Number of protein chains: 2
Amino acid sequence: MKINILLQSSAQWLTFGSEETSIAISSRIRLARNIQGYAFPTWAKKIERLELVEKIKPLIEKSRAMTEVSLSETMDCFTQLEKQILVEQHLISREHAAKSAGSAVVINKDRTVSIMVNEEDHLRIQSFQPALRLHEAWKLIDELDTELEEKLPYAFHDKLGYLTACPTNVGTGMRASVMLHLPGLVLSEQINQVIQAVSKLGLAVRGLYGEGTEALGNLFQISNQTTLGESETDIVERITKVTQQLITHEQNARAMLIEKKPRMLVDQVCRAFGILSSSFSLSSKEALNLLSILRMGVDLGIFPYNLRTIVDELMITTQPAHLQICWKSKLTTEERDALRADLIRKKLSGAKKPDTKKFIKPYTEEKNPNTNE
Amino acid sequence: MKINILLQSSAQWLTFGSEETSIAISSRIRLARNIQGYAFPTWAKKIERLELVEKIKPLIEKSRAMTEVSLSETMDCFTQLEKQILVEQHLISREHAAKSAGSAVVINKDRTVSIMVNEEDHLRIQSFQPALRLHEAWKLIDELDTELEEKLPYAFHDKLGYLTACPTNVGTGMRASVMLHLPGLVLSEQINQVIQAVSKLGLAVRGLYGEGTEALGNLFQISNQTTLGESETDIVERITKVTQQLITHEQNARAMLIEKKPRMLVDQVCRAFGILSSSFSLSSKEALNLLSILRMGVDLGIFPYNLRTIVDELMITTQPAHLQICWKSKLTTEERDALRADLIRKKLSGAKKPDTKKFIKPYTEEKNPNTNE
């Protein structure tokens with residue numbers, strides 16, 4: 001299998017498991033670039049796209065900034081399931097998964113860089129980091145981009161900047177985003193207010209898999225809307241600041257829940273654990289939402305710290321394609337739901353009992369006012 | 001407290017805990033009787049009702065068939081909460097709980113007989129038995145009724161039979177009913193069909209607290225609709241036969257689920273246990289529905305047999321009035337939900353892990369076709 005290397009473990013930036021990733025899970029920057037003299041992928045004939053892949057792919061593979069390549073293939077080399085794995089690991093877009101020969105993907109060893117060739121643009125260069133580390137992601141991608149620019153004549157306009165297939169990307173061609181885990185803001189019903197405020201700052205708030213997707217598992221992506229009139233470092237700086245504010249909001253929301261609704265909070269977390277560790281059938285959506293609440297339970301200290309990595313891994317490995325590829329080529333939805341529940345039960349079977357003492361005192365431990373016990 | 005004796009343990013017929021009560025939980029017969037020369041309670045003046053209570057109550061208390069009386073009070077002696085306890089233990093009707101002086105209730109020691117004085121009729125004599133034991137219930141109530149008839153001039157018409165306040169009770173004045181636990185028919189979506197079939201036989205199907213109430217916890221009451229043209233023993237015989245058929249239907253539904261949808265069944269049962277044993281807030285309705293599924297889990301052998309009595313007890317003791325009276329006089333809904341969850345967690349804390357092996361084999365125990373492990 002082409003993607004075996006991706007299945008041995010999850011990318012470190014996705015399951016970093018430190019205090020730093022508790023709310024800001026990961027950072028991502030992507031640059032849209034095009035090559036002079038070639039039509040944009042959507043308008044190009046197949047032969048042109050094939051030619052471009054043949055030209056670009058070796059250059060990427062050899063670039064110093066990629067260090068070691070783990071995967072470099074044209075999109076016809078993957079099965080549908082393998083493409084879905086790449087999507088679930090956030091390494092390619094859903095749109096790119098629909099491509100075939102004439103498009104390609106190159107991923108480095110630690111999966112911090114993934115370059116899509118002939119997606120919407122000739123190049124979609126992506127860099128990933130755990131936690132809120134947009135500056136680091138920018139440094140890496142800038143280096144790689146500069147290196148590639150030395151070898152490839154980028155389509156660039158003195159006034160407009162980098163030219164892209166879609167006008168919304170013209171200029172920097174950059175989209176910087178942070179994946180945030182905001183269960184506190186969701187549970188305290190402040191999330192819509194926060195999303196509105198962020199939107200007014202010219203930033204976009206999206207679900208787990210980008211544009212137009214649902215905010216499953218209380219996961220939200222914050223990214224810049226505009227690519228004109230603002231330098232790359234300004235964008236990175238702005239999103240970093242807004243994210244820091246969102247982290248504070250989330251922390252405040254959790255503190256407020258602990259103070260005002262400790263039982264509701266403990267109930268949500270312990271129920272999530274109860275259901276995950278006893279179910280025999282779990283849909284992808286239900287599992288993600290429950291794992292999300294359990295993840296917060298770890299942050300709150302209700303569950304021990306080592307459970308976080310297990311939860312983060314499960315958030316990736318219990319998604320449909322990951323489940324199927326680890327088992328057999330084809331599973332029905334019902335079979336997937338069963339396998340998902342079985343895996344989660346097994347992974348959580350060794351978990352310690354929740355420690356809820358610091359939040360609430362059960363009635364059964366209080367003195368009953370009606371008895372003399 | 002007047003009703004202390006009712007709180008020390010539940011009535012044996014409600015928590016019988018044998019194989020016999022697995023589907024048919026309990027049987028109940030009530031007779032409506034009125035005394036010649038007195039207006040029906042709704043039409044009677046207060047003074048007439050007080051007079052009748054004073055006349056009847058001592059006669060009931062002294063009757064041989066009552067053996068020992070545990071509670072004999074006029075309805076003004078109870079607090080609202082105590083009345084609700086009597087309703088939750090099925091000893092008085094919701095309507096009777098609204099009564100005050102001028103109405104009374106007499107209950108025997110083992111709570112197999114409860115007589116309401118001046119409910120809708122002068123006398124509503126009730127007898128209770130565990131499981132499907134309508135014949136036994138009839139024997140007991142017939143004896144008591146005959147004894148009372150010797151001392152009280154019942155309103156009786158040669159052609160119509162016993163005269164009652166509501167024409168639907170004229171004749172035998174009898175309503176015989178069986179409480180059935182039918183989670184298999186509910187889960188296999190056959191319940192509506194079954195209810196329709198039973199209705200066509202002239203029997204009524206109702207929820208947990210009788211007429212107009214919801215079928216919470218998969219609990220259904222089957223009773224006769226008519227009181228004219230059929231003898232008491234014929235009614236008892238007919239309901240017994242229909243109930244036996246319903247028990248078979250429920251057994252078949254469970255067998256079908258075990259064969260066709262074992263994972264769904266195990267998932268439902270284990271989830272119910274998972275939620276009950278980890279929640280910190282449970283509404284009365286959610287608790288009852290989950291306890292109902294767990295009860296079936298015991299019947300199926302997923303949980304050990306001794307859990308049944310615990311579950312049956314919890315179905316009564318976690319109801320609003322029982323919770324409040326055992327704790328303090330007044331609890332908000334939120335406090336009740338918290339106390340309920342705490343009590344259930346405590347009661348289930350010693351329960352053994354579910355044994356699901358005979359129904360399904362988890363994927364994680366199968367040989368993965370993609371590995372050589």
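Guide: Residues count from 1 along each chain as written, and chains are lettered from A in the order written. In this predicted model, totals for chains and interfaces use all residues, and side-chain values leave out hydrogens and water.

Visitor: What makes up the secondary structure of chain A?

Guide: Chain A has 13 helices and 10 strands, counted as DSSP runs (helices H or I, at least four residues; strands E, at least two).

Visitor: Why is chain A called as compact as a globular protein of its length?

Guide: Its radius of gyration is 23 Å, close to the 21 Å from the globule rule for 373 residues, so chain A is as compact as a globular protein of that length. The radius is taken over C-alpha atoms, and the rule is 2.2 Å times the number of residues to the power 0.38.

Visitor: How many of the residues of chain A count as buried?

Guide: Of the 373 residues, 58% do; buried means under 20% relative accessible area with a 1.4 Å probe, protein chains only.

Visitor: What do chains A and B each bring to their contact?

Guide: Each gives 34 residues, where contact means heavy atoms within 4.5 Å. On chain B, Phe280(B), Trp327(B) and Tyr363(B) supply 27% of the area that chain B buries against chain A, more than any other three residues.

Visitor: What is the area buried between the two chains?

Guide: About 3000 Å², with 57% from carbon and sulfur atoms. Buried area is the accessible area (1.4 Å probe) that two parts lose on being put together, summed over both.

Key:
Predicted model: local features only at pLDDT ≥ 70, side-chain atom pairs only at ≥ 80, totals over all residues. Buried < 20%, exposed > 50% of the residue type's maximum accessible area, 1.4 Å probe, protein only.
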